[in-house]
Amino acid sequence: MPKLWQMDDYDECLESPGPGEPPGVYCGLSVVLKPNNRSELWKLIEKFSSDYKRHYNHQVLKWGVCIKRCQKAIEKLSPAERNALTVEPFPIDVRYKFNDGILENIPTYREAYHDVLEICVNKELNDTYGLVAHTEILSCDKSTDEVVIDALDMSFLIVLCALVCFVTLSSWYDSSMNYKRTSDHYRHPLDSKRKMVWVSFSIQRNWYRLTSRSKDELNQKLRFFQPFRFLTMSLVIFGHASLLLSVTPTTDTEKLERIMHSVGSMILTNGAQFTQTFLGISGALLAIQFCSFTEKRKGKVSFLYIPFAILYRYVRLTPVYAFVILLHATWLLKLQTGPLWRWGAETEQTFCRRNWWTNLLYINNYVHADEPCVQQAWYLGAEFQIFIIALIVLVTIVKIPRAKVLILGLMLLAGYVIPALFIYYQKLEGTYIITLEAQRYIFWYDKYYLHAYIPTHINFGNYIQGVLTGVIYNELQKRSINLAQSKVFSIVWYLTFAIVFLSMLPSYMFYVNDFPTPSVWMAAYFVVSKNLYGIGTGIVILGLIYGVNGVFKRMLNYPFFEPLGRLAYGAFLVHPFVMRLMFFTARGPVHYSDLLTLSLVFGATVMSCLMALVLCLLIELPTTALQNHLFGNFKEQKSNHTDRESGTNGTNQTLINPGLAGKQSEL
């Protein structure tokens, strides 16, 4: 069969032309083979591609073509030969291009180069395979292209310069207040709130906040969450690297298709569900912290507390998030070049300039989800929405304690029933199907991704199970029950790892069979298998809190993980930016060996953490410090003489601030 990827030399094509020569032009194409039932090769392509769950659609090829080479290749063809190699439009029911209007100047390029490219491509296809195709221009680069800087690009530079100035001045001021020239100066609050506001951007003080360890008893028990965040983040990066192997040109596409024929591939394919552990962690931490707070306030919490907590969390999450969105909307496209760069960077720039508001309102997993800006941030939208629901539920059970079991039971039931109903009525499979063909367009237009992966109602159950874990822990504390003393729980705790791991394997049956839909049993299987992650996460959390395996807990409590866990949120936001620079700058098909893949994953993890460190010291920690001062958290910091290690969600952001809660307790 024709190779899925075929690419001319990009840099040679765009070398500066000589005097009087036309500029070099390099175009990325989708080549859609025309059906030909008289061709045995076409019948093979059609049959092989029909296994759409495990194979690419080999009717659609991706080529990178130099216009100069094409012009030379067809210059001796007669008009009749050219006409024979021109394909009239034919019905196409497969995805082969981006939606119109995403990449600039495509209509102009089509008008100028379509005929030349189609004749050139068809000459090669016909000579080699006896087939012809419809050719669609996806993008074109010219040697005369210049970088254009607009007002939005300048706004990013202004914001960046302002942040650097704030950090520099704040650090200088903080240093000037250090009369004794000791490092302890940065560990303690200054003697006035005004001075603390001035040192909010101090890099020395924020470095201490990043690397410090709280001595609070509850935070010591929950310290293992930091390595949880970092390790889960590393698995997310590995999963996204696997995705980009399918998106970018490779010399061995057959290897990926062979992997999809293995039951063991479900470990890799279902790795996308590891984000559910973030949801379980978030729900558990929210409930544990909220229960601790209500006990200190003796149950005096008003519903008016909810909007303040939501506002507090929004301010915590959004500044660094908005900065990353602005980066993607401006300078990402200008950082690199290559035959794939516009596909991976200009699409992101267009989506962010169009749909940034859906991200900042945290509704991006529903609104314009097929044109995502900062695509991985669907998780932030889903989690923020579930956070609001869970917070209302927790306040309600505090106000109506007798209905606690009923309310939590109904919420847990909803977490199972609602997704099952959607899976049934939308006629979806019993698992989230990840096809190679959907990955070629980064899932933008994939129905499984849009309806069975990113919606809040699909991910609701595992967060609520995390909340239930936190409530159970609170009840165990009240009754002085130590789960580490229970042999039954210890056995269940160890078995959980194997059960969750093995639960991925049965999903293979949905890749090799086309079961009729809608199906009640598939809807039930979907919610049970998905929510096993929440159950497993809850069991593991409780076991680690009580020290079922002391050696494992001590390993997770190693100080090295403390700052890495706190950088997880920033790494979560920036790792696709890093991976675009690593993968989409390829000049041609690459042979991705296992060692090269691991090297790329490791490199992406390190670079993401380094970028997250910059964002943390430049934006995240300074805005957190300002927020604490604005919400009256200064007194708590002063009395503790240490920066409190906040209870955080799965992406390292404070869920509820005790200082804020205390301030608003009279409401």
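Reader: Which helix supplies the largest share of the lining of the largest pocket?

Author: In this predicted model, the largest pocket has a volume of about 1,100 Å³. Its lining comprises 46 residues, and among those closest to its centre are Phe238, His240 and Leu243. Helices that each supply at least two residues include H11 (253–259), H16 (378–399) and H27 (594–630). The largest share, 10 residues, comes from H10.

Reader: Which element gives the most to the lining of the second largest pocket?

Author: The second largest pocket has a volume of about 760 Å³. Of its 29 lining residues, those closest to the centre include Asp145, Glu146 and Arg342. Two or more residues come from strand S4 (133–142) and from helix H15 (341–360). The element that gives the most, with 6 residues, is H15.

Reader: Is Glu429 buried or exposed?

Author: Glu429 is found in the loop between helix H17 (404–425) and helix H18 (436–439). The cut-off for a buried residue is under 20% relative accessible area. Because its relative accessibility is 6%, Glu429 counts as buried.

Reader: Which side chain does a polar contact of 2.9 Å join to that of Glu429?

Author: Beyond its neighbours within four places in sequence, Glu429 is in contact with residues including Tyr52, Lys53, Asp514 and Phe526. The polar contact of 2.9 Å joins the side chain of Glu429 to that of Lys53.

Conventions
Residues are numbered from 1 along each chain as its sequence is written. This is a predicted model: local features need pLDDT of at least 70, side-chain atom pairs count only at pLDDT 80 or more; totals for chains, interfaces and linings use all residues. Side-chain values use heavy atoms; hydrogens and water are left out. Helices (H or I, at least four residues) and strands (E, at least two) are DSSP runs, numbered from the N terminus. Buried means under 20% relative accessible area, exposed over 50%, partly exposed in between (1.4 Å probe, protein chains only). A polar contact is a pair of N or O atoms within 3.5 Å; within protein, one must be able to donate a hydrogen and the other to accept it, and residues adjacent in sequence count only if both atoms are side-chain atoms. Contact means heavy atoms within 4.5 Å. On a 1 Å grid over the protein atoms alone, a cavity is a set of points where a 1.4 Å probe fits but cannot get out, and a pocket is an open set with protein on both sides within 12 Å along at least five of seven lines; lining residues have an atom within 4 Å of a point. Grid points are joined across faces, edges and corners, and a volume is the space filled by probe spheres set on the points.
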